[in-house]
Number of protein chains: 2
Amino acid sequence: MSDSSKAAARTEAKPLGLRERMRATIRAEVIEAAHRLFTVQGYDRTTVEQIAAEVGLSRASLFRHFGTKEDIVLGHLNDSGLRVAEALAARPEHESPWMALRRAFDVLVRMNEEDVQQTLRYLRMLADTPALHARHVEKQLAWRDLLGQEIARRMGTDPDWPSDPRPPALAAAALACLDAASSAWIACDGAIPLSAMLDRAMDTPRSEAHGIRDHLG
Amino acid sequence: MSDSSKAAARTEAKPLGLRERMRATIRAEVIEAAHRLFTVQGYDRTTVEQIAAEVGLSRASLFRHFGTKEDIVLGHLNDSGLRVAEALAARPEHESPWMALRRAFDVLVRMNEEDVQQTLRYLRMLADTPALHARHVEKQLAWRDLLGQEIARRMGTDPDWPSDPRPPALAAAALACLDAASSAWIACDGAIPLSAMLDRAMDTPRSEAHGIRDHLG
DNA sequence: TCAAAATCGAGACTGAGTCGCAAGACGAGT
DNA sequence: ACTCGTCTTGCGACTCAGTCTCGATTTTGA
């Protein structure tokens, strides 16, 4: 009984102590303060010291919560990646990998639609801050591995190709389409829905090659 | 001592030599010394100070030749990107964009084949050095813009889509395939030719959507 | 209530990248 | 050949990100 009650207590009741909750609160506070400073002064002109002072923390303590300055901005992307991966795994088996990827991205589309103006501002900051640009795409490499694994499962393994480049290539190509669609989306100020951009971008790699070939006959 | 001899060599070898010549010589010297140190100690454990000392320069002066530490390793990639873009522009007009991209990459394949072992070592260092990973990805963005422009020219502009995501999506997808092919190539120690990996990776986005479906149907 | 564990602040330290200044090389005019 | 304005180079000093240690404080679990 003590086992089950303990297990129940850990899982059902709040295993989140004061510490955990405080940690989450501080994280949220830091992110908000940092975004405020970033939008006013720009990312590069804002020092970690300023952010720490804004929330009453020391520089060193801030680095305990966020490993790097970039994590303050990009930290949540890890979560997003996991959610996309879950959505992909939940797609029906008979769906083609490419279409499953397209549908998995709908999770992001919905998240973006929750507050379009906010998202536009955020993506714009990413776009015109080179330091963040590099990290942002690096995060997508993690996504690629996540998605590529599921794609590989769906495609099956080919004994002739011990290291088959196709699953990661497919995942990365889809992410490239996502990026291009996002860029086009912010370029037109969200006038054309992100979902439409994504449809058009992801229709390309699949239809273009043989489409053109058919054209040439 | 080696400092003075090297300094003397630099100033006496070309007393009337042009600055550009000197600059190129120094750049080459730095790159060679840096690569030597990197392969021995690893990228992260080698400081710019060490590299500078190795070639008899001050740290600050080294940064005058290479804007960043990463540029010492990745500087030549800008050139490579231009060459791929040239190769793409030189492809016949009737070729499909996707195939033209595939053929443009042959420039890189040929470069890699010149010294396979050297290339493998170089790519391996890029692969397992996170700091370089970020820059490597950033270079890909420059390539994407370069290639995307030519792709857009070939595809023509659609007045309905002022910012069409398809050209950059196609270019980025191709580059994603290139990356996946390279990764798979180094994963199998070059046992399978890079060109074959690239063929397989780039065949994916085009054939998968209907190819797999045909397979399952 | 008490002891172990985790967190925090402070400060020193490393290393990348920037800036301003002085010294040297180049090219042209005399 | 001389010199003057300009451009390049080298270097010391500086900022900032990120790491580490140490001692003090707080949370947690019993």
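What follows is a conversation about a predicted model of protein chains with a DNA strand.

Visitor: Before we start, what sort of model is this, and how are things numbered?

Guide: This is a predicted model, in which local features need pLDDT of at least 70 and side-chain atom pairs count only at pLDDT 80 or more, while totals for chains, interfaces and linings use all residues. Residues are numbered from 1 along each chain as its sequence is written, and chains are lettered from A, with ligands numbered from 1, in the order in which they are written.

Visitor: Okay, how many helices and strands does chain A have?

Guide: Chain A has twelve helices and zero strands, where helices (H or I, at least four residues) and strands (E, at least two) are DSSP runs numbered from the N terminus. Of the 217 residues in chain A, 29% are buried, a residue being buried if 20 or more other C-beta atoms, placed from the backbone, lie within 10 Å of its own, exposed if 12 or fewer do, and partly exposed in between.

Visitor: And which domains is chain A divided into?

Guide: Chain A is divided into domain 1 (13-67) and domain 2 (76-216), with bounds that come from an automatic or database domain assignment. The centres of these two domains of chain A, taken over C-alpha atoms, are separated by 30 Å. Their contact takes four residues from domain 1 of chain A and five residues from domain 2 of chain A, two residues being in contact if their C-beta atoms, placed from the backbone, lie within 7 Å.

Visitor: Which one gives the most?

Guide: H4(A) gives the most to the surface near DNA strand C, with three residues.

Visitor: Now helix H10 of chain B: how far does it reach?

Guide: Helix H10 (residues 130-155) of chain B has 26 residues and reaches 36 Å from its first C-alpha to its last, close to the 38 Å expected at 1.5 Å a residue, the expected span being 1.5 Å times one less than the number of residues. Its buried residues include B:Trp143, B:Leu147 and B:Ile151, and the buried residues of H10(B) pack against partners including helix H10 (130-155) of chain A and helix H11 (166-187) of chain B. After H10(B) comes B:Gly156, whose phi is positive, near 80 degrees.

Visitor: Where is a positive phi found at a residue that is not a glycine?

Guide: A:Asp189 has a positive phi of about 60 degrees, and its place is in the loop between helix H11 (166-187) and helix H12 (194-216) of chain A. A:Asp189 counts as exposed because it has 12 C-beta neighbours inside 10 Å. In chain B, B:Asp189 has a positive phi of about 55 degrees.

Visitor: Last topic: which residues have the most contacts inside the largest nonpolar core?

Guide: They are A:Cys177 and B:Cys177, in a core of 63 residues; a nonpolar core is a set of buried Ala, Val, Leu, Ile, Met, Phe, Trp, Tyr and Cys residues joined through C-beta atoms within 7 Å. Leaving aside neighbours within four places in sequence, B:Cys177 is in contact with A:Ala169, A:Ala173, B:Leu198, B:Ala201 and B:Met202.

Technical notes
Near = placed C-beta within 6 Å.
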